[in-house]
Amino acid sequence: MDAIIHFIIKDFLGQAAILIALIAMTGLILQKKSFGKTLEGTFKTLLGFLIMMAGINIIVETLTFLNDIFTSGFGMKGYITDVAAIAGVANRELGSEVALTLLVIFAVNILIARLTPFKYIFLTGQALLWMATIGTVIGYKAGLTGLTLILTGGIFGGVMAVLMPAIAQPVVRKITDSDDIALGHFCTLGYLVQAAVARAIGNNSRSTEDLELPDHFKFLQDTYLSMAVVMVPMYLIPAFVAGPAYIARFAGGTNYLMYAFMQSMQFVAGVFVLYSGVRLLLNELVPAFRGIAMRLVPDAKPALDCPVLFPYAPNAVIVGFLATTVGSLIGMIVFPLFGLAMILPGLLTNFFAGGTAGVFGNALGGRKGAIIGGVVHGLFITLLPAILVPLLENFGFQGVTFSDSDVIGAGLVLGHALQHDWLFVAGFIAFAIFITWFVNRKLTGHSLPDVVKTETD
């Protein structure tokens, strides 16, 4: 029985591409599309997701290299935000519990969407896995076992899977000029922090996408060329500091600076692939998802991974990435002065979460919101992991911490609740409520036209 559950949850439904394709197929069947149209829509959804993931994998590989030479070249030591390491340990000790918690999260998500006004179905598989992991780890280390452990983490995670897309939706609606999709990425608290700063300081600030350049620099209006101009020095400077001997382990016989340059170009190529996959995925998934919404969960919205927002403000993505990196570097230096752990910048998180936060900041506060808000966002996503470190160390995890702000928030709330530290729990929830209110107070209300924008201007 355990083997069957493992196959269904991990090997079959654990394949995010298969899960997304099955959802699209179900929607097309419920709409009574022909066999050919159903097959076409299912295949294109699968293909779009795989293209998107291929782009993400290219970006991850190049950013992993950058992160390595960055920390080595500048001699930084501290805690890393490595969710995969924690998940690996958790799955070795609590594999079945994590899998069953993940299943409960998804079931609770659907149940809440069916019975309440919060019509969001969270479809980012790896994010749900991280939420299941932290719920299982925190609960187990606090003494919960068996069904109590699974239901505690599952119900808590299921609520988060509906709540976080809901509180982000007013801003997402403003970004996309549509109410067809939602954001399914557990970094929402960080996005709202940047959005709050943007709302406070960004009045009358022009958008990052409205760049007016002299004729000689018009080529920078091309998203990918401007991205290349920014990323080349981002790679070359740390490579120069790290030196040829260190980079030889990556580059083989290639000149170390040329290798770093090609890695920067690979990054840009990965973004191009990612955007192409996002467009294909949205073109197929959103119409298919309506079939499920009409039959199973009326008016349901698919909550998708953060790259779906990148094409709406590509300049803001890069600005958010850079500003978040600056903020995380400041936090790395400053927070240890106050007795907190030194958190090394995670460039993967800085790109995906920082880029998305940049889109949020630009939507509410233009360039000022993207830049200044991005620095604050970097500080925030460095502070949260540092606060989580003592709790994780009490549970036996050394040298690592989580990265996604909502996952950390869930761990902090659940962990302190199980320790009966209700003052901390109340304070954290009050902070989240205030940020949400401040950002969304003028954005809630009517839905906008059912048009999904998939091309940049």
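Modeller: Let us begin with helix H14, which covers residues 422-440. The expected span is 1.5 Å times one less than the number of residues. Helices (H or I, at least four residues) and strands (E, at least two) are DSSP runs, numbered from the N terminus. Please note that the model is predicted: local features need pLDDT of at least 70 and side-chain atom pairs count only at pLDDT 80 or more, whereas totals for chains, interfaces and linings use all residues. Residues are numbered from 1 along each chain as its sequence is written, and side-chain values use heavy atoms, with hydrogens and water left out.

Several residues of H14 are buried, namely Val425, Phe428, Ala432, Ile435, Thr436, Phe438, Val439 and Asn440. Buried means under 20% relative accessible area, exposed means over 50%, and partly exposed lies in between, with a 1.4 Å probe and protein chains only. The partners against which these buried residues of H14 pack are the helices H6 (146-176), H7 (188-201), H12 (347-394) and H13 (405-418). Contact here means heavy atoms within 4.5 Å.

H12 gives the most to the lining of the second largest cavity, with four residues. A cavity is a set of points, on a 1 Å grid over the protein atoms alone, where a 1.4 Å probe fits but cannot get out, and its lining residues have an atom within 4 Å of a point. This second cavity has a volume of about 80 Å³, where grid points are joined across faces, edges and corners and the volume is the space filled by probe spheres set on the points. Among the residues that line it are Thr81, Ser328, Thr349, Asn350, Thr382 and Ser403. Its lining comprises four nonpolar, seven polar and no charged residues. In this scheme Ala, Val, Leu, Ile, Met, Phe, Trp, Tyr, Cys and Pro count as nonpolar, Asp, Glu, Lys and Arg as charged, and the others, Gly among them, as polar.

At least two residues of the lining come from each of the helices H2 (16-30), H3 (35-73) and H5 (125-141).

Of these contributors, H5 has 17 residues, which at 1.5 Å each should span 24 Å; its end C-alpha atoms are 24 Å apart, in agreement. Twelve of the 17 are buried, so H5 is largely enclosed by the rest of the structure. Its buried residues include Trp130, Met131, Ile134, Val137 and Ile138. Just after H5, glycine 143 takes a positive phi of about 110 degrees. In H3, another contributor, lies threonine 38, which is buried with a relative accessible area of 9%. Apart from neighbours within four places in sequence, threonine 38 is in contact with Met25, Leu28, Ile29 and Lys33.

The strands come next. An open sheet of three parallel strands has the order E2-E4-E3. Strands E2 (120-122) and E3 (182-183) stand at its edges with a single partner each, so one side of each has no neighbour in the sheet. Two strands pair if DSSP finds at least two bridges between them. Three bridges join E2 to E4, with isoleucine 121 partnered by proline 302 of E4. E3 and E4 (residues 301-304) pair over two bridges, and alanine 182 has alanine 303 of E4 as its bridge partner. Both faces of E4 are covered, as Lys301 and Ala303 on one side and Pro302 and Leu304 on the other are all buried.

Finally, the chain as a whole has 14 helices and five strands. Buried residues make up 55% of its 457 residues.

Technical notes
On a 1 Å grid over the protein atoms alone, a cavity is a set of points where a 1.4 Å probe fits but cannot get out, and a pocket is an open set with protein on both sides within 12 Å along at least five of seven lines; lining residues have an atom within 4 Å of a point.
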